[in-house]
Amino acid sequence: MSRYIPFCALLLLLYSCATPQFDVYDLRCEYLTEPQGIDNPYSLEQMTNWDYSPRLSWKTNCKQTAYRITVALSEKDLKSGENLLWDSKIIQSAERFCFLPKDIMQSHTKYYWRVKIFTRSDCANATNTANTANAVITTNAVVINDTKIASSESKISNFSTGLLAQDWKGQFIKHPAAEPKQHIFFKKDFELSAGAVASLKHSPLFVYVASSGYHELYINGKRAGENVLSPAVSRLDKRVLYITYDISKYLKKGKNTLKVYYGAGWTLNNYFSYYGVKQGVLVQAYSANNFELHSDTTWLCAEGNSSNIGHFNFMDMGGELIDGRSKDDNLQWLAASKAELSQQPVLSAQMTDFSKVIEEIPAKEITEIADGKGGIIYRVDMGREFTGFIQAKFDKLHCGDTVIIQISMRGITRTDTARGVSTVQATDTVGDYIIEEQNQREIYIAGGNRDEIFCNRFNYFAGRYIHFRLKPAAGTEAKYDIAEPAAGTKTKRVPFIALKNIKGLVISSAPEYTAKFTSSNSLYNAVFEMDKYTFQMNHTEGVTTDCPNRERLGYGPEGAYQTAWGLALPCFNSAAYFVKNVRDWADVQRSNGFINNVAPQISDMYGCVLNGTAILNLAWEHYRIYGDKRILEMAFPIGEKWLAFLQKHVKDNMLTRYEKYGYFLGEWVSPGPVFEYGETDEALFNNNCTYLITMDYLLKMADVIKNIPTAKDISSIRSDLQKTRAALHKKYYNAEKGIYLNGDMVRTSWALYSGIVPDILKEQQENHLLDLLQKQGYLNIGSFGRFPFYKTVLNSDKYAETLGKILNKKDYPGYGYFIEKGCTTFPEMWEIDCPNSTLIHTSYTGISAFFIKYLAGINEYSCGCDTVIIEPHPISALQHCSAEVETPYGTIKSGWKRENDTVKYFHEVPFGVTAKVVIPDCVL
C-alpha cells in the first residue's frame, strides 16, 4: 500500500500565530476550575498549617516563552496592579504551570489571579534568552534584550482556601432520637445588619459543611449549589470530606436561616469500619468581617419526610421512602445532640468533581402488566440503562395511597427463563414478568394533593425499567382503575402515572469529557461512545465503581488499570479525580502494609495483588500525563509498605498465596465465564506478574523522586525483580511448546508486559499471541487481563489488522455483540444473560485506547506530555478516522483517510508540544 504524506503533516499543523493576538485559557487551580475551599490533597493528615503551595495552570494557543502571574485579594486590586499579594515577575519558561508561594496562603480566603504570557511577535524560532533584569513591560508587549515580545493576559480567575484543623470550632451534631435511616433537617437562625450584608460584596461568607452522610445546604429557603449526593465517598472512619459554599448572594438584612438536610448514605454500611460509622454533620461559617457561625447543640433538628430503604449493602442498596403527608411547616424541632463519632476523622476538602445531573431523559414506553393477583403494574422503559434518580408526577392520588417503585436492568419474562436466560437474583415476579430489582425500591406515600412528585434525594439506583404499583389507602380502592380487565372485555384504562410525567435524572461524578473519535465504521463509533457512557454511569460519588446497582465498590482491577489508562486519563479531565483516588488507596492500607481490596471502602472479599498495586499504577499513569511529582511522593511510601507485606509471602523468589485477605484471584470473567481463584496455577502466575510490576513501579518512581528510598533499598528491589523474573520463567515456560503455563492470551500478555520473557524469546511470544488472536477470532480476556493485554498489543504494529477484524465482529464474545443484543452500557461478563451478570459494569471499559491510542495513534511519550508520539494505524476495515485528545498544553488531533491508493495523514499539536510522528517505514 502506498502512502502519501502531505506537507502539512511535516509541519504538524502548528497553531497559526501570525499576529500578536492570542488566547490564554483554561485557568485552573489544582486541576480544577475556580475551586472553592481547597486544602492539600496530597496530605494524608489534616492540615495544621499552610505548608503547601497550590498549583496554578493555564493553556495558550501560541508559543509561550515567558509568563507572569499576579495574585490579589480582590478583582479591583488585580486589575489595577495595586496591593498585589504576589507578583511572580517575568519567568523565562514554556511551562504552563507554577506553584504559589506558601507564605501568601491562609485559611478561608478568596484569591484572584491571572497570567500574562509572552511570545516572540513573529511567533517563530522564539528563544528563551531574555533576562528579566532587562525586561520592560509595555501595554501590549515586553522588550527583552532589545527583542519585542508579544503578550496576552488571561481573564481573571479565582479560588478560595479551606480550613486548618484549628479553624473548626463547631461540633458534629445529630438528631437525639431519630432512626439511622431517617433524613434529618438541621437549622440555625442568625441576624445580619445592613452593613454586614453590604460588606459581602467584597468579602464573601463561606460555609463549610462536613458530613458522614450526604447533605444539601439551604439559605433562606434557597439551595446552595447544584451538586447531589455530596460529599464524595471517602473512608468514613478515617476521612470525611467537606464542601465549601459561598452563600453571600442568598443573605439579607435581618433574620437569616441556614438549613442542612442530611441523609444517612454510606453510614448505614460497614464497608468503612468493622464497628460501623457514626452519623453526623459539622458546619462552620466564616467571613473576613469576623462573622462566625458553627454547629453545636444550640442548633435545632427535625425528622424530614424522607428516609432510606435498605442498608447500602451488597444486593441491598435500597432506595428512598418519601411521605407526602409530612409538610415542612409541621416539623417537630428539637435541640440537636452532639454526635459522638467512634473515631475522630481527618477533615479534607473535596477536590474532585461533584456528583451532578448531567442529563434528563424522558420515558420511552409504558406497558400494563397483570400482576397475577388481579392488579396492574405499569412498567416504564426509559430507553437505556442509566444511573441516577427518577422523577415522577402522580395524578389525583388520595391521602395515604402508596406507590411502590421498583427498578430493574432487564425486561425479562418467564418465557425468557424457559429458554435458559438466567436472572440476576430476581426478587419479585409480576405475572409473566420478572423484576430484577436487587432491592432497588422506592416508596411514595401520597398526601392527597394535586400533582404530587416523587424524586430521589439521598440514594440513587441503576437500571432501565421502572415499575409503578399502586396500593390504595384503606377505603379508596374503588376510586382507581387498577384492576386487571375481565377476560374478553376492552377497558380503556386511566393510569395514575402518565408517560409524560416520568423522567430520569442521569447522575455522574465523572470529570469533563474531553476526547473525540469518529471513523467510517459505525460500529467502532458506537463502541467508543458506549465506553464513555459506561464509565460515566459507574462514576458516582467520586469513585469508579464495579457496578452502581449491586455493590458500588471501588475495586482496583475495574477502576485503576485499563479503565484509567485506556479511557479516564486520555478521554476525561481526570487529573484531580485520580489525586483523590490515590489518596483513597492510601487510606485503606493497614498497619501491616496490606492494602484492602477496594477503596475508599474496605473489604476482604475478592482480592488479589492487582488491588493493592492500583495505587502505584494510578500514580504513575497520572505522572505520565501531567508530570506532577507530588502524586508519586504521596504513593511511594504506601507502595513501599505494600511491597514489604508482599515480600513476607515470598518463597524461592516467588510470591505465594496470602490466604487471610481475599481469594487471591487470577483472571476474572474471561469468556466462559472464567473465574480463577488462588488454588490455581493461573491465579498464582497472575499475582506474581503483578508483584513484578509492583517492584517495577517503585523503581521508576524512585528514579523520578530521587531522594527516596536509599540506594541500598533500590538495589535490593532491583535485585528481587530480576530474581523473580528468572524464577517465573524457569517455572512456567514450556520450551517444548513455546508457551508460559497454559499459553492463553492472558498468560502470554502478562509474561510479555511484566518482563518475564527474555529478549531472545519476545518475538516468539508476540507471534504466539498474534496466532491466538487469529485462530480464536475473539478477545479471550476478562476484567483483570485487559491491562497487560492492551499494553502489549497496542504497542506493536503486528496486531493492527487482526484487532480491527475482531472488534468489527457482532457475535459472541465481543463489543459488537453487546450492541447487537441491545445493551446500552457494557455488562459485567461477555455472557450477558449469565446469572449475576449486571448490565452496567466496568469489566470491559477502556477499549477507547484502541481507537484513540492505536487507530488515531495519539500517545503520551514523555512525562507531562510536552513530547508525544503520534503513530496511527490505517487498518483495511476503515476508510478514515480522526481523534482529539486534550493534554496539559492543549488539544492534539490526529487522523487519516484513504484516497484511491493513498493514505493521507493529518496531525495537529499545540505550541509547546514536540511530536514524533511514526508511520510505516517513516519517522518524522
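A: Strand β12 spans residues 182-192 and is mostly covered, with 8 of its 11 residues buried. Buried means under 20% relative accessible area, exposed over 50%, and partly exposed in between, with a 1.4 Å probe and protein chains only. Strands (E, at least two residues) are DSSP runs numbered from the N terminus. The model is predicted: local features need pLDDT of at least 70, side-chain atom pairs count only at pLDDT 80 or more, and totals for chains, interfaces and linings use all residues. Residues are numbered from 1 along each chain as its sequence is written, and side-chain values use heavy atoms, leaving out hydrogens and water.

β12 pairs with strand β17 (residues 254-263) in the antiparallel sense over 9 bridges; two strands count as paired if DSSP finds at least two bridges between them. Within this pairing, lysine 188 has leucine 258 of β17 as its bridge partner. β12 also pairs with strand β20 (residues 300-309), again in the antiparallel sense, over 5 bridges. Here the bridge partner of phenylalanine 185 is alanine 302 in β20. Strands of a sheet pair through backbone hydrogen bonds, either parallel or antiparallel.

Another part of the model has an open sheet of 3 strands in the order β29-β31-β30, with antiparallel pairing. β29 (412-413) and β30 (428-430) stand at the edges, each with a single partner strand, so one side of each has no neighbour in the sheet. β29 and β31 (residues 433-435) pair over 2 bridges, and threonine 413 stands opposite tyrosine 433 in β31.

Methods: Helix = DSSP H or I, 4+ residues; strand = E, 2+ residues; numbered from the N terminus.
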